[in-house]
Each structure stands twice: as structure tokens, then as C-alpha cells.
Amino acid sequence: MKIAVFDSKQYDRQALTLANHDYGFALSFFEPRLNSDTVALAAGFEVVCPFVNDRLDAAVVASLAAGGTRLVALRCAGFNGVDLAACSRHGIRVVRVPAYSPHAVAEHAFALLLAVNRRIHKAYVRVREMDFSLDGLVGFDLHGKTFGVIGTGRIGDAAIGIARGFGMRVLAHDVAQDRLLANQLGFSYVDRATLLAESDVVSLHLPLLPETRHLIDADTLAQMKRGALLINTSRGGLIDTPALIEALKDGRLGGVGLDVYEMEEGVFFENLSEAGLQDDQLARLLTFPNVLVTSHQGFLTREALDNIARTTLDNVQAFARGTVLDNAVHG
């Protein structure tokens, strides 16, 4: 089974090559993302393995099918970049990695939260410049504050466990409510308006779907508690960026921690130190002293990379054997 791995970085190659010792597939690694400009590279490969920002639209899917591709093995949880209807029409199956390490992403959400709250990013730069003053670095205790979680899937649940460990009151909102889990972890489900109004921290843990796109917009930002922190480690498209910038300009938000950005394709995972940043919205976000942006690294732990590699190859093996695809994505 020949697998074309797109958007592959050194850590992808290392993890997949190591895991492949137990599978024996023929792996070919390509640095470019899979899209209309690069789809020709996939010709002759039965399996393509894209990542989160690859774009498999209808035209790309048609080209994949013409080149002999029968399986799209995503090595991520999100599948919004894949035209599932087109895959179905061309007989191409789609599988993903639904849960590589909920703890990796949830812990990164709290890394962002702690850094933004206690201004660690600002303090680090100051000390490097021999400035040991403390003005402008005042944060607040997490203990006793309210942590609002929108989305109580595996990552959201892991974040709730961490918040409870800090002694925080936890409110949650989700269309599917797990009352047993709420009793076990000690949190309460509430409507979204209540969560936004009462939370000192709002953390997003949702997939990007048509109904969740720009879930955080001007209206929802206006409903948030003044001075609250907003954390997003899920999908950039959950937040309306111009509305977020306006909320930061008028001082409504106490801070923002982002590991994702709605226009991150072509920016995140790349070194632009020489070329410069061409995205004016992202550049504006980076000017705010209470905003911390990381480059979609929430998944980047040794454990998560190993889980991603093994689950991806397990998915391919199940397809090759004609067995049930537990991680199939259905359009």
C-alpha cells in the first residue's frame, strides 16, 4: 500500500517512519500541502495522508480519483477541508484521527491561559532585556473563578478536569449533554448566554461546522463578562476575527490566547521570518499586549504524535484488509 504524506514536517516523518516499522507500508513524504496546485504529486498513490490545512475540494478529489487514490487518511481530527460529498461520488473513503491526545490540547489551552493571565510572554521579554519591573503584569487567581467550556467532547472534558484541579467553578455548554460526567467532574451545563455572562475564562473545544463558524462574533463577545479571557485551541473559524479585534480595541476582553486562526493556512507551520507576514488581521492581533498566539502546536507532544501516526496507519491497515473503518468520516 503506497501512502503519499502531504504537509509533512520533520516531526511527522520521524513519528510515521518509526510507527511504520510495525506495518510495512510504502511511505512517500511531500512538504507541500495537498491542494489544486500539488494534487499531481498524488498520482499513483492508493492512499493520501493530508493534515489539517490541506484543501481537498471537489476538483482535487476528482483528480485524486483519476490518479488511483481510494483512501484519504487524515492525520488530524478536523475534516472541514475535505469535500466529503465529492469523495462519496468518486468512491473515496475518508478516515481521521478523532482523539490523538485530548490531554495535549487541553494542557496547551491552560498553558495559554496561564501565560496570558500572568503576562508570562511579556515578563519573559522584559527579563531578557534586563527589565525586572512588575508594572503591567498583574493577573488574577484562577482558584475560585469560573471556567466556561463550550464543547464537552474529549478535549473539553480534559480541560474541565484541569480547571477543577485549579479549584475553579466550571460551566459548560454543548448540544449533547453528559449529565453523568457532569456529576463525576463537578460541573454544570448552562445555556450559552449564561456561560458567557458568568465566566472569567471562556475556552472553545468544538469542531468547525457550518453551525459553529463564527460562533464567537460581535454579539457573543458583547455578552461576555468584561475583562474575561478567551482561549481557542480548536478551530480558528470559530471566531470572527474582525469582531475579536474590535472587542480588544474597546477593552472588553482581559486577554486572548489563540493556538488557531481562521486564515492560518499558508502562515502557521511556516517560517516567515524572512518573507514577512502579509495577513493584516493577524498582524493587528499580534500588536495587542494581552494577546498570545501560538502556531497550532496544541497537538505537538511525543505522545500525541505517536498516537496520530499509529491511528493513521491502523486506519490504512483496516482499509487494506477490508475490515470495518472505525474512524471513517461520513458525508
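## The largest cavity

F51, V52, C76, Y100, R235, H296, F299 and I308 line the largest cavity of this predicted model. On a 1 Å grid over the protein atoms alone, a cavity is a set of points where a 1.4 Å probe fits but cannot get out, and lining residues have an atom within 4 Å of a point. Rolling a probe the size of a water molecule over the atoms shows where empty space is left. The volume of the largest cavity is about 60 Å³, where a volume is the space filled by probe spheres set on the points, with grid points joined across faces, edges and corners. Counted this way, there are four cavities of 30 Å³ or more.

What classes of residue make up the lining of the largest cavity? Six are nonpolar, one is polar and one is charged. Here Ala, Val, Leu, Ile, Met, Phe, Trp, Tyr, Cys and Pro count as nonpolar, Asp, Glu, Lys and Arg as charged, and the others, Gly among them, as polar.

## Reading the model

This is a predicted model, in which local features need pLDDT of at least 70 and side-chain atom pairs count only at pLDDT 80 or more, while totals for chains, interfaces and linings use all residues. Residues are numbered from 1 along each chain as its sequence is written, and side-chain values use heavy atoms, with hydrogens and water left out.

## The overall fold

The protein has 12 helices and 12 strands; these are DSSP runs numbered from the N terminus, helices being H or I with at least four residues and strands E with at least two. Its radius of gyration is 21 Å, close to the 20 Å from the globule rule for 331 residues, so the protein is as compact as a globular protein of that length. That radius is taken over C-alpha atoms, and the globule rule is 2.2 Å times the number of residues to the power 0.38. The C-alpha trace spans about 60 × 50 × 35 Å along its principal axes.

How much of the protein is buried? Buried residues are 51% of the 331, with buried meaning under 20% relative accessible area, exposed over 50%, and partly exposed in between (1.4 Å probe, protein chains only). Among contacts with a separation of 6 or more, 68% join residues 24 or more positions apart; a contact means heavy atoms within 4.5 Å. The protein exposes about 15,300 Å², and carbon and sulfur atoms supply 51% of that area, as found by the Shrake-Rupley method with a 1.4 Å probe.

A pocket is an open set of grid points with protein on both sides within 12 Å along at least five of seven lines. The largest pocket has a volume of about 900 Å³. It is lined by 37 residues, and those closest to its centre are G153, H205, L206, P207 and L208. Helices α4 (102-117) and α6 (154-165) each supply at least two lining residues, and α6 gives the most, with three. By class, this lining holds 17 nonpolar, 13 polar and seven charged residues.

The second largest pocket has a volume of about 200 Å³. Of its 15 lining residues, N53, R55, N80, Y261 and E262 are the closest to the centre. Its lining has four nonpolar, five polar and six charged residues.

R55 sits in the loop between β3 (47-49) and α2 (58-66). Is R55 buried or partly exposed? R55 counts as partly exposed because its relative accessibility is 28%. Beyond its neighbours within four places in sequence, R55 contacts L34, N35, V60, G81 and E265.

V149 belongs to strand β6 (residues 146-150), and S203 to strand β9 (residues 201-204). V149 is buried, with 0% relative accessible area, and S203 counts as buried at 1% relative accessibility.

Leaving aside residues up to four places away in sequence, S203 touches A109, F147, G148, V149, I150 and I231. With its own neighbours within four places set aside, V149 contacts G156, I160, V170, L171, A172, H173, L195, S203 and H205.

## Two positive phi angles

R119, in the loop between α4 and α5 (120-128), has a positive phi of about 55° although it is not a glycine. R119 counts as buried, at 15% relative accessibility.

F269 is also a residue other than glycine with a positive phi, near 75°. F269 lies in the loop between β11 (255-258) and α11 (280-285) and counts as buried at 16% relative accessibility.
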